[in-house]
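Thanks for coming. I will go through one model today and keep to a few local features.

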Amino acid sequence: MISASNVTMRYGGKILFEDVSTTFLPERRYGLTGPNGAGKSTFMKLLSGELEPQKGNLVRPKKLGILRQDQFAFDQYRVVDTVIMGNMPLWNALEEREELYSKPDLTDDDGMRLGELEGVVAEEDGYTAESDAAVLLDGLDIPEPLHERRMGELQGGQKVRVLLAQALFGRPEALLLDEPTNYLDLESIHWLQNFLTRYQGTVVVISHDRHFLNAVCTHTADIDYQTIIPYPGGYDDMVLQKTQIRSRIESENAQREKKISQLNEFIARFAAGTRASQVTSRKKEVERLQTTELARSNIQRPFIKFDMKRPSGRHALEVKNVNKSYDGLRVIKNFAAAVQRGEKIALMGRNGAGKTTLLKALLANGPGVDDPDVGLDSGTVTWGHEVQIGYFAQDHRASIRNGTTVSEWLHDWDPQASKEEIRGLLGQMLFSGEEGMKPTDALSGGEAARLTFCKLMLQKPNVLVFDEPTNHLDLESINALNVALQKFEGTVLLVTHDEDLVDEVATRIWRFHDDGIEDFLGTYEEYSSAVAK
């Protein structure tokens, strides 16, 4: 169990949460939700003990599993050792035991200490530690040949999965997971969902993956109105309850305001007359009914709408015998497909399967694409009549020029656009007022993604190509993107591990397997049903 009592955190004049008292119980899995900047990561650091509250106190179990965000902290260690470090008492005992055994001569004190250490190793299941770590690593798609490698030799996504295995290792009483699905493919996310639903301890998880939160969480702790409000159920359950509660309060306040208006009218009419006692009683009733001001929510919802200057021809794209290698390995082999206007294709498969590689091959000679990292080795890619492409690259931050402002950078993409149009687009994506003058050098990951959406809305292409667009977005922005893609009348190519986005947007699936790319003409639901048969 983890409990917080009267916890307060402020930064300058901004209150994140004040006098929060809440409890996270065993055998419950809590989603910690709230928009970017609400204080989710700060509260998670309080729960882990990394930060101390400015006011109040926290009680936590002795054994916590924590997903570490620093990918480089363990670069000098073996992968399997990094996982075992998730149980620090065990790791320290193993290290000290090895040091003692390496001594040429053992003293009596050394022998006594070895006995104590062996007791710790046995109690913490140290004799099966490496095999237990290997099971976790295999489940997270870290194959056995990598287990003996140094962490510094792994790619970023692989490091994240190792750090996730570290958090899960050693049967902790509670798990604190900050964005555990980042850089995980759908297979790994499903494995994690199954693991967490079987886990018997307390889970507190921050995630911007709505499907994951709905699948895993028994409860939701929402940071809003400068406090933390617990709700039963997953993310969608929380949104429904929160909306109903606020609607009820607003309705009650409207009725109160109407009653107050009627009472004030009576007071104004008879204040100077002979009905003084009635006026006095109504004044008291007005005071009693005075509407309590609704606390202000810190949730901001962007508005995304992708329009087209003109539609493309009926045949948007034709691909014949495309081959593409990456780092000397042939990843795409003789791929062929024909894409019709209006199709929305999700590219799915494990990390490293070639999804980004295929996108960059298809973008070769693509109208409106200015990216030196695209191209193919052989085959032909023919884009259709009047096609104009809007591209959201996985490394989209690199395409935003530094040394300018948000407004100036956006205006560069269409010098004919008026200042009002630029301001309107920026406002839709939550760059309001002076934020339009923010230096591009200072953009966060989420801000860079929202600015790239502004660029696409300004350009009005008829083909949208997205490579992992949700990595730095909060749930409100992801939901807005989901709705915008459903309503978009053009063609979409989409790489994402957000299951709801695939399920609700895609009309066609390109599934990457070891032996090639499966082309399924149908929705994700239809594809999942076909695979299950």
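Let me start with valine 83, which touches Ala133, Leu136, Leu137, Val162, Ala165, Gln166 and Phe169, leaving aside residues up to four places away in sequence. Before going on: this is a predicted model.

Valine 83 belongs to the largest nonpolar core, which has 49 residues. The residues with the most contacts inside that core are Val83, Ile84, Val162, Leu164, Phe169, Leu177 and Leu196. Which helix gives the most to this core? That is helix H6, residues 156-168, with six residues. Another core lies apart from this one; it has 35 residues, and Leu443, Leu456, Leu464 and Val492 are among them. As background, nonpolar side chains tend to be buried together in soluble globular proteins.

Next, the sheet. Six strands make up an open sheet with mixed pairing, and the order is E14-E15-E16-E12-E17-E18. Which strands stand at the edges? They are E14, residues 389-392, and E18, residues 516-520. Each has a single partner strand, so one side of each is left without a neighbour in the sheet. From one strand to the next, the twist averages 15°.

In general, strands of a sheet pair through backbone hydrogen bonds, either parallel or antiparallel.

Is threonine 42 buried or exposed? Its relative accessibility is 14%, and the cut-off for buried is under 20%, so threonine 42 counts as buried. Leaving out residues up to four places away in sequence, threonine 42 touches Met9, Tyr11, Leu16, Phe17 and Leu51.

Last, two backbone angles. Glutamate 27 has a phi near 65°, a positive value in a residue other than glycine. Where does glutamate 27 lie? It is in the loop between strand E2, residues 14-24, and strand E3, residues 29-33. With a relative accessible area of 53%, glutamate 27 is exposed.

Asparagine 334 also has a positive phi, near 50°, and is likewise a residue other than glycine. Asparagine 334, however, is placed in strand E11, residues 329-340. Its relative accessible area is 48%, so asparagine 334 is partly exposed.

That is what I have; questions are welcome.

Technical notes
Residues numbered from 1 in each chain as written. Predicted model: local features only at pLDDT ≥ 70, side-chain atom pairs only at ≥ 80, totals over all residues. Heavy atoms only, no water. Buried < 20%, exposed > 50% of the residue type's maximum accessible area, 1.4 Å probe, protein only. Contact = heavy atoms within 4.5 Å. Pairing = 2+ DSSP bridges. Helix = DSSP H or I, 4+ residues; strand = E, 2+ residues; numbered from the N terminus. Axes fitted to C-alpha atoms, helices over the stretch in contact; angles between N-to-C directions. Core = buried A, V, L, I, M, F, W, Y, C linked by side-chain atoms within 4.5 Å.
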